Amino acid sequence: MNKVLNSIFLISKAKRASALFAFIFLNLFSNAQINLISNPSFELNTGIPQNVYEISKCQSWYSAFQSPDYFSTLSPPTTTLGNCAVSIPVNWAGSQKAKTGNFYAGIAILIPPPQAGYPNFSIAFELLGNKLNQPLLKDHIYDFKLHYSLADGSALINNQLSAYFSQTQYTANANTFIMSNQSWYDTNINNINPQINSDTTIFLNSDTVNWNKFEGCFIASGGEEYLTIGNFRDNKFNNHISLNSVFSPTCGFQQTTSEGYLYIDDVSLYDVGYYSGKAQCKNDTVICFNSSIAISNNIKDSSSIVWQAHPSLSCTSCPNPIATPTVTTKYYITKTLCSFITKDSITVTVIT
């Protein structure tokens, strides 16, 4: 009889341990961050690029405007111009190793006027698109990051780079004639409001040796399923600094571009959680001595909440603590999620 009971006990114990393991595993899995960028390091492809303008060979990435490039360590580094154009590390625009793996992309961010047939307001640029792994959730905050390196052969560095998330695929189709019309820019480019932007008072990093970060957080409207990377403004919004750059690749031709050109690698987008809004305290109030009061109206979300420590608070990290002050006291709250940081306060006056 004891053997039977012991067997039952052991089986029950094993089941509890198994259930506990499953719970821990599922909890960790559910909280694991998933990169929502498809093919984030450009490693998946339908073929090795052999020449410029072949971003279509990179899975999940596409040209949203003009002709982004696709580079590879597997592209033949020969003395033939067409082959050398997209090899890694040496290619038509400069020399740079991939940050991760064997591939990266490249876009022109600014080719300023004057150009033949273009008025002073117009520029040439390229936009790179990606189909996300899944649509974004309304009122969730997302953390975006890409790594870029200015190509050695770039003649300039500018102040504009953006990441635009949209529900439908953005494509700025145009030809030279249409782009010569200011209304085209105002309709297709200047009216776009990307969620992540470079500070237009600060130029991008002109470092051609290292990979630099371009990043930011934003609140999703919900349903965004496409990413577009590039310069979303015409020349009246662009400032640039000329660089003394002359690059001679070993594959046999002199780089003479007048543009600013970025290599791009390791793109990421992570959901950091639901955001219910700014930190919110109740209005200043009056209470009697030996009374308690709830001092805020915060909804629990993924944010970190910190109340300035005070012995009269029931807690300092909960959304809505209870305060029991013995004298008039001002309470302070700070709410943080990614780069969204808000503060508020409430004064509780105590009548004795």
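Which residue stands opposite Ala163 in E8? In this predicted model, the residue opposite Ala163 is Ile196 in E8. Strands E7 (residues 162-166) and E8 pair in the antiparallel sense over 2 bridges.

**Sheet**

- An open sheet of 5 strands runs in the order E1-E4-E10-E7-E8, and its pairing is antiparallel.
- Its edge strands are E1 (61-65) and E8 (196-197), each of which pairs on one side only.

**Nonpolar cores**

- The largest nonpolar core comprises 34 residues, and those with the most contacts inside it are Phe42, Phe144, Phe165 and Leu269.
- At least two residues of this core come from each of E3, E5 (140-150), E7, E9, E10 and E12.
- The largest share of this core, 5 residues, is supplied by E5.
- Apart from this core lies another, of 17 residues, which includes Leu156, Ala172, Tyr185 and Tyr226.
- Phe165 touches Leu132, Leu136, Phe144, Gln195, Ile196, Phe218, Glu224, Tyr226, Leu227 and Leu269, when residues up to four places away in sequence are not counted.

**Aromatic rings**

- One aromatic cluster is formed by Phe71, Trp92, Tyr104, Trp211, Tyr261 and Tyr263.

**Charges over rings**

- The charged end of Lys131 sits over the ring of Tyr226, 5.6 Å from the ring centre.
- In a second case, the charged end of Lys335 sits over the ring of Tyr275, 5.0 Å from the ring centre.

**Salt bridges**

- The count of salt bridges comes to 5.
- Lys131, whose charged end sits over the ring of Tyr226, also meets Glu225 in a salt bridge (2.9 Å, N to O).
- Because Lys131 lies in strand E4 (residues 127-131) and Glu225 in the loop between E9 (212-219) and E10 (226-230), this pair ties together parts that are 94 residues apart in sequence.
- Both partners count as partly exposed: Lys131 has 32% relative accessibility and Glu225 has 22%.
- Another salt bridge joins the side chains of Lys99 and Asp266 (3.5 Å, N to O).
- This pair links distant parts of the chain, 167 residues apart, with Lys99 in the loop between helix H2 (81-84) and strand E3 (103-110) and Asp266 in strand E12 (residues 260-274).
- Lys99 is partly exposed, with a relative accessible area of 37%, whereas Asp266 is buried at 15% relative accessibility.
- Lys57 forms a salt bridge with Glu54, in which the closest N and O atoms are 3.1 Å apart.
- Here Lys57 is partly exposed, with a relative accessible area of 23%, whereas Glu54 counts as buried at 17% relative accessibility.

**Backbone geometry**

- Most residues other than glycine have a negative phi, and most peptide bonds are trans.
- The peptide bond from Ile88 to Pro89 is cis, with omega near 10°.
- Pro89 is located in the loop between H2 and E3, the loop that also holds Lys99.
- Tyr53, a residue other than glycine, has a positive phi, near 70°.
- Tyr53 belongs to the loop between helix H1 (2-31) and E1 and is exposed, with a relative accessible area of 56%.
- Asn290 likewise has a positive phi, near 70°.
- The place of Asn290 is the loop between E13 (285-288) and E14 (293-294), and Asn290 counts as exposed at 64% relative accessibility.

Key
Residues are numbered from 1 along each chain as its sequence is written. This is a predicted model: local features need pLDDT of at least 70, side-chain atom pairs count only at pLDDT 80 or more; totals for chains, interfaces and linings use all residues. Side-chain values use heavy atoms; hydrogens and water are left out. Rings of Phe, Tyr and Trp (its six-membered ring) pair if their centres lie within 6.5 Å; planes under 30 degrees apart count as stacked, over 60 as edge-to-face and the rest as tilted. A charge sits over a ring if NZ of Lys or CZ of Arg is within 6 Å of the ring centre and within 35 degrees of the ring normal. A salt bridge is a side-chain nitrogen of Lys or Arg within 4 Å of a carboxyl oxygen of Asp or Glu. Buried means under 20% relative accessible area, exposed over 50%, partly exposed in between (1.4 Å probe, protein chains only). Helices (H or I, at least four residues) and strands (E, at least two) are DSSP runs, numbered from the N terminus. Two strands pair if DSSP finds at least two bridges between them. A nonpolar core is a set of buried Ala, Val, Leu, Ile, Met, Phe, Trp, Tyr and Cys residues joined through side-chain atoms within 4.5 Å. Contact means heavy atoms within 4.5 Å.
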